[in-house]
Amino acid sequence: MPSPSDVAECLAGTLDNNPNVRMAAELRLAEFMAIPETGLALSQLLSAQNVDINLRQISYSRLYLRRRHSASIVLRKYVRERWSPYFQSFKGSAPSPEIKNQIRQAVFHGLSDPVRKIRSLSAHTLSSIANCDWPDEYPDLLISLINLLSSNSPESVHGAMQVFTEFIKSDLTEDQILPVLRDLLPVLLAILGSTETQTPLTRSRTVSVFRQCVISLFMVKEQHPQPVKEAISSVLPVWLEAFKVLLNMDPTKDVTEGTNWEGLAVRIQIFKALDTIHTSFPRAIAPYLPELVPASLVHLNNLYPTFSRYYLASTESVPSSSEDEAIELPQLITSIMDFMSSVVRAGRAKDWFTGDNAVALISAVFNYIQMTDDDEENWANNANAFVAQEDDDLAPYSVRVAGLDLLTCLLDRTPAQTTATCHNVIQTVVSSSDQARSSGQKDWWRPLEAALTAVGSQAETIQECIDDEQESGRSRPIDIESLLTNVIPTILGQSEFPFLQGRGFVFASQYAKLLPVQLAGQYLDAAIHVIEANEASIPIKVSAVKAVHNFCVGSDDHALSPFIPRIAKDLGPFLAVTSEDTLSLVLETLAVVLEVDKGKWMTQKLANSLVVAVIDVWTKNNKDPIFLSIFPDITNSLAASEVPGIYETVVKQALPLLCNSISAATADQSYVAGSAIELVGSLVKASTDGLGEGFFPLLAPNLFKCLSEVEDRDVLQNGISCLTLIVRKDCGQLISWRDASGQSGLEHVLRLVARILQAEDESAGLTIGELIIHLLRRAGESVLPVLPELLHAMVTRMLNAKTATFVQSLVVPFAFLINNQRDTVLALLEEMNIQGRTGLDVLIQTWCENAETFQGFWPSRSSTMALTTLFASERPSLQGLMVKGDIILKPETKNVIMTRSRTRTTPTEFTSVPFPVKAIKILLHEVQSGGEPATMGNAQEFADDLDSDDGDEDWADAGDATKDSELEFLSELIGPKGMAFDNDDILDDSDDEDLKGDPISQIDMQGHLVSFFRECAARNTNQFSSVVDQLSAEEMLVVRRILDQS
């Protein structure tokens, strides 16, 4: 058993300069770690204040990597590896309960140690122990910690607060949080107010723990509504009053008095807590906002000179903290802006955010989002960092990001007022920047760059606001044209200030829609010159590329056409010399460039160079999912150019390389094959007159070999999609191709379909139905010999299909067949035996249970048409088929949310109805939910006549929206199958051209359904009157309204 002196000697050896001595000591220490008493010896060394401080610290830590300031913690390592199986890293040899208790006492004693590092290390280790032992094996921990907080000892309070900072976050359950807070929060508040005896960092931790308590209360308010309500009403006002008092103190004293800025830590935590309270319990904080919001602006204004001196001009270094935790002014600024954003976003204190207050706040935002010296140095040398800060999804959080987010919130809330304020502020900035430049100030450009960044980042919202104001007969709230005409041209020549020059290009491109064609051409030409200039710096080149991207998105094709060939030629070389975020920007820009004027400007030479460059970049970056999402659009746009010979040129360069990638990809690199197949699909999609000679023979061996072996569902999905496109575009090549053994391409496709149907994982087969449908459409005669076997396999798979999308893939092909060859298919299904049931029984049961979940315009219409066909067939096998009907409402489940546990004890039950009844129910649902008003009157009229049983007849909307406006808004969101009623392009890109031209896509479905119901009623088709008698009262009413409508 190692004694404390043995362990101390070993620890001393780990600090020896002799590597041999050090290695021997480390090996011996590793042996000691397996002995339970080692933990006790380490803890005794920790508590022994007469031991050399280096040994006491190393009992917690040893230097694994010299470059790390903080050493690894030996005792904490011991706890994680030897304490209990609770820890994932547990290695056995756990100490006895007696030894554990002694270690806990020693570590707890370390919280009051006079040496700060010992206290901090003790707190970290005690937190680990608490994770495992509290409350069962360490029940007195919380009381002991609270007593320590009440001890008035600065050292003890500091150590205990560090434990609570971690402890409250992870270890209190919903039943424990309320009792703990009753005892803890008063003590924390007392510490917060102890400005003379406690350090600012310790006081800031009280606010941090309080904030975590608020989060915990919010998490349990559903389970304990009344206790939480009482806690909030009694606790929050006291703390909010304290916050108000602290925030009314001059914040500049925290950065001008003393040797550090640790006083800011309290303010940082207060604003974070205010943001949390406002988000979690907004009503509780609402009465305090009239004072808290102005205090926030006071902080921003009073602290700006310090921010400018230390971060913008960087004339002085930021003071260091007495602890390892850095305290910086940007932490406070972002916390204030986050709080203000939360208030604005919720629409609170809106009367304050007007007039002079709005001007002052937006001026502060413009000031704080200026580029710092660190930004300038970093972005000037790191193109990827510069690109990332311009991207909402990539930008690291900073004062600049927080400020722009606050501006976004203001514009969303009061667009006209905020836009007008931005106009006034930016005019002031332009004027003051001119004066600063004239007076020789070197940083004159920073405020102007920030102002253009702010207004440019909101370009879409501001342009919408301008349009709305003009449509309402009001004047423009901002004069963007004046900036584009008088300010931006002077900026573009400021090459000695590349960030401002680049911002000018980006700003002009963000408002490209407001530029006259001639001026837009001049800006675009200037951007191209920058891209072509060898001496241009990283910021200006990146800005020019960004500007080109924006111009291509926001300008008319005829204005861009003269410049596009030159731009495309210039971007090609960029692909080889950029990486990461910059490469992503270049690729995205190339993608939009290629879409201009549908590539009519393309030449074979340019296409050849571009496709070679693109495929080379793809080869080097095919592990990055962000890049992989861009390449298909680029290759498709390249190959889809209408210029003769371009498609052939692109295919000639790309297809052999892609086929090689498909065949060469190993099992652990299946993503490479999947991406290559997706790119091949993009080439196929671009073809307009067949795939071209030799396309499929080159692709087929590699493609089919890959799809027969791969297990990756994404690769299989891409393969199915690619084959579907091939069937659509040039089915003849697939049918005529033979492999070395004489098997045709069609046979290989059918073998793939069989494999997908037999697989347990349904995700790979989500689009298999589309492939089958197009095979039936394009290769019907060739498929005919194997059709019975294919249909049998599909029906069999329906028995255990689970996902709605996969079920749709299996059912919709039958709907297609029934719409075209009803009697033949039904006869085949009636004779089919599937585990003792007819194929027709299995299909109809599956269809009826899932029909109302089908997605997509053509599939849902195809299903609806087929159901009308089946009903009209009056086939005896269908008339007697019983299917699942409506849900049975039980007294014990009425008005009760059915959780999983309740569903297990009280299973949901359904009625059983004949298929004709169910078919009519489904078709009536289509009438009510899927049609245009112009066809058969407003479907809402049917709903208005139905009695409501939801018990909400007396409910009134708290807002001021009328029922008509609500319905109008909903109609925009929910049109046929979830599409807007006024959407002129109901068939989007997900529906191919073949299906767009299909008669089912063209038919007036509502008119067809109305005619169907009327004809059935007139002829009493399938005993229609008897079927109607079996409907619900609401459904009967809908039928009556249909039949009565003239």
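User: Which residues in H35 meet which residues in H37?

Analyst: In this predicted model, Tyr 647, Val 651, Leu 655, Pro 656, Cys 659, Ile 662 and Ser 663 of H35 meet Phe 695, Leu 698, Leu 699, Asn 702, Leu 703 and Cys 706 of H37. By class, the contact of H35 with H37 has 11 nonpolar, 2 polar and no charged residues.

User: Why is H35 called roughly parallel to H37?

Analyst: Helix H35 (residues 646-664) and helix H37 (residues 695-709) pack at an angle of about 25°, and their axes are 9 Å apart. Angles under 35 degrees count as roughly parallel, so H35 is roughly parallel to H37. The crossing in which H35 passes H37 is left-handed.

User: What makes H17 and H21 roughly parallel to each other?

Analyst: The angle between helix H17 (residues 329-345) and helix H21 (residues 399-413) is about 15°, with the axes 9 Å apart. The limit for roughly parallel is under 35 degrees, and therefore H17 and H21 meet it. H17 passes H21 in a left-handed crossing. Among the residues that make the contact are Ile 333, Met 337 and Val 344 of H17, and Ala 402, Leu 406 and Leu 410 of H21. By class, this contact of H17 with H21 has 10 nonpolar, 3 polar and 4 charged residues.

User: Why is Gln 331 called partly exposed?

Analyst: Gln 331, found in helix H17, has a relative accessible area of 31%. Buried requires under 20% and exposed over 50%, so Gln 331 falls in between and is partly exposed. Leaving aside neighbours within four places in sequence, Gln 331 is in contact with Ile 268 and Ala 326. The C-alpha atoms of Gln 331 and Leu 264 are separated by 8.9 Å, while the two residues are 67 residues apart along the chain.

User: How do you know that Thr 306 is buried?

Analyst: The relative accessible area of Thr 306 is 5%. Buried means under 20%, so Thr 306 is buried. Thr 306 lies in helix H16 (residues 289-312). Not counting residues up to four places away in sequence, Thr 306 touches Val 255, Trp 261 and Leu 329.

User: What makes Cys 132 and Cys 552 buried?

Analyst: Cys 132 has a relative accessible area of 15%, and Cys 552 has 8% relative accessibility. The cut-off is under 20%, so Cys 132 is buried and Cys 552 is buried.

User: How many disulfides does the model contain?

Analyst: A disulfide requires a pair of cysteine sulfur atoms within 2.5 Å. By this rule the count is 0 disulfides.

User: Why is Gln 835 called exposed, and why is Ala 349 called partly exposed?

Analyst: Exposed means over 50%, and Gln 835 has 69% relative accessibility, so Gln 835 counts as exposed. Ala 349 has a relative accessible area of 26%. That value lies between the limits of 20% and 50%, so Ala 349 is partly exposed.

User: What kind of peptide bond joins Trp 134 and Pro 135?

Analyst: Trp 134 and Pro 135 are joined by a cis peptide bond, with omega about 0°. Most peptide bonds are trans. Pro 135 is placed in the loop between helix H7 (116-133) and helix H8 (141-149).

Terms used. Residues numbered from 1 in each chain as written. Predicted model: local features only at pLDDT ≥ 70, side-chain atom pairs only at ≥ 80, totals over all residues. Heavy atoms only, no water. Buried < 20%, exposed > 50% of the residue type's maximum accessible area, 1.4 Å probe, protein only. Axes fitted to C-alpha atoms, helices over the stretch in contact; angles between N-to-C directions. Helix = DSSP H or I, 4+ residues; strand = E, 2+ residues; numbered from the N terminus. Parallel < 35°, antiparallel > 145°, perpendicular 65-115°, else oblique. Left-handed = near helix turned anticlockwise from the far one by under 90°. Contact = heavy atoms within 4.5 Å. Nonpolar A, V, L, I, M, F, W, Y, C, P; charged D, E, K, R; others polar.
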